[in-house]
Amino acid sequence: MLSIASPSTVWLMSRSIKMFFSSGIVLLLLAAVHVASAQEPAVPGSQSFAFTDAKDLTEAGVKAEAVEYKGRKAVRLTTQGEDGFAFVNGTQFHDGTIEVDMATKVLTPPDVRMPGFTGIAFRARPDGSHYEMFYLRPGNSGAEDQAMRNHTVQYVAEPGFGWEKLRRQWPFIYESYTDLQPGEWTQVKIEVRGRHAELFLNGSANPSLVVDGMKGEELQGSVALWSYAREESYFSNLRITNAKPEPIQNGGEAAGTWDVTFASDAGTYAGTLKLVRQDSTLAGIWSGAFGPDQSVSGFWRDGYVELSFGGTWPEQAGTVIATLAGWIDGDSAKGRMKVAGRADGRWTAVRKK
């Protein structure tokens with residue numbers, strides 16, 4: 001005979017089953033949180049490294065030694081090849097501030113030109129293949145040649161945007177002059193917000209170099225000390241203050257129709273840019289200032305674009321070449337633009353819906 005459980009027994013069984021599944025869901029959620037926490041460790045709000053020894057550094061092409069220089073304890077880097085890094089262990093920098101004291105002692109004879117090269121890399125991959133960096137050339141600060149003086153501080157991003165390319169394509173944009181004393185300690189502060197960075201030296205309230213639209217492929221990574229051959233680089237009192245990251249992501253799509261504004265030193269110009277993308281190749285049409293239906297070509301890299309087109313300058317004969325470089329973020333974009341021999345400035349764009 002089939003036995004039927006009493007209503008109270010059925011209620012107890014149902015309640016037990018619900019409690020079992022509810023408990024299971026809670027346990028699964030707790031486990032997921034635990035796994036996520038294990039995969040994404042919290043980054044400290046601030047980190048300090050006195051560099052009284054080299055225990056916090058991982059050498060990559062350099063030798064790091066604890067020394068005393070100009071009356072303070074520091075680490076000294078010397079390279080084993082052309083250049084190299086000492087990665088600061090436990091750092092994962094996205095946005096925020098990096099502060100450090102640096103000095104460069106050149107080892108070449110006085111009659112051999114060597115301006116010195118010492119810098120701080122950030123958002124770096126562990127293998128050193130990708131990074132952004134500011135570095136100093138103290139020996140250029142007192143040069144008699146003005147062009148050389150303008151090469152005292154430098155921004156670069158690797159791979160693809162070393163000083164040679166940036167200097168040739170965008171003169172005086174990614175390097176500048178500042179007053180430095182070779183061999184002496186320099187206070188360095190780097191402020192980073194999204195794709196914008198500023199370099200401050202020796203406590204100045206005004207930046208020595210402003211980079212709007214950094215070129216790096218990574219939005220976060222390690223901090224590293226950088227040194228060059230034929231010199232000794234010294235570092236002391238590193239402090240990293242992490243800030244809430246700007247809400248940007250790589251990978252913005254360039255294809256579409258864009259209303260572009262070019263605010264230059266020669267005036268403001270506007271046009272419409274129609275783009276199509278095939279993998280990393282961009283093609284399209286520009287219409288507006290500098291002529292209608294101008295053929296556009298360029299490339300796309302994970303949201304970063306470089307474009308160029310021919311056109312005409314108002315009331316002047318001949319063809320001019322316009323070049324744009326910058327980032328796509330959703331339905332907006334911005335960067336630097338120039339018309340060779342005519343104008344230089346910033347461009348902004350909004351995607352047409």
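Strand β22 (residues 332–339) is joined to strand β23 (residues 343–351) by 8 bridges, and the two run antiparallel. Strands here are DSSP runs of E with at least two residues, while helices are runs of H or I with at least four, each numbered from the N terminus; two strands pair if DSSP finds at least two bridges between them. Within this pair, M337 has G345 of β23 as its bridge partner. Both strands belong to a barrel that 8 strands close in the order β16-β17-β18-β19-β20-β21-β22-β23, with antiparallel pairing. On average, neighbouring strands of this sheet are turned by 30° against each other, direction ignored; the axes behind this value are lines fitted to C-alpha atoms (for helices, over the stretch in contact), and angles run from 0 to 180 degrees between N-to-C directions.

The model is predicted, with local features requiring pLDDT of at least 70 and side-chain atom pairs counting only at pLDDT 80 or more, whereas totals for chains, interfaces and linings use all residues. Residues are numbered from 1 along each chain as its sequence is written, and side-chain values use heavy atoms, with hydrogens and water left out.

Turning to the chain as a whole, it holds 3 helices and 23 strands. The accessible surface comes to about 18000 Å², and carbon and sulfur atoms contribute 55% of that; areas come from the Shrake-Rupley method with a 1.4 Å probe, and for residues only the protein chains shown count as cover. Among contacts (heavy atoms within 4.5 Å) with a separation of 6 or more, 58% link residues 24 or more positions apart.

Strand β8 (residues 131–136) is mostly covered, with 6 of its 6 residues buried. In a regular strand, side chains alternate between the two faces of the sheet. For β8, the buried residues are Y131, M133 and Y135 on one side and E132, F134 and L136 on the other. Strand β7 (residues 118–124) is joined to β8 by 5 bridges in antiparallel fashion, and G119 stands opposite Y135. The hairpin formed by β7 and β8 has 6 residues between the strands, and G128 in its turn has a positive phi of about 75°. A further 6 bridges join β8 to strand β9 (residues 153–158), again antiparallel, where F134 stands opposite Y155.

Strand β12 (residues 196–201) is also mostly covered, with 6 of its 6 residues buried. From β12, H196, E198 and F200 point one way and A197, L199 and L201 the other. Strand β11 (residues 186–193) runs antiparallel to β12 and is joined to it by 6 bridges, with V188 and L201 as bridge partners. In this hairpin, 2 residues lie between the strands, and G194 takes a positive phi near 60°. β12 also pairs with strand β13 (residues 209–212) over 4 bridges in the antiparallel sense, and E198 stands opposite V210.

Finally, S227 lies in strand β14 (residues 222–228) and is buried, with a relative accessible area of 0%. Leaving aside neighbours within four places in sequence, S227 is in contact with L77, T79, D83, G84, F117 and S233. The side chains of S227 and S233 are joined by a polar contact of 2.9 Å. A polar contact is a pair of N or O atoms within 3.5 Å; within protein, one must be able to donate a hydrogen and the other to accept it, and residues adjacent in sequence count only if both atoms are side-chain atoms.

Notes:
Buried < 20%, exposed > 50% of the residue type's maximum accessible area, 1.4 Å probe, protein only.
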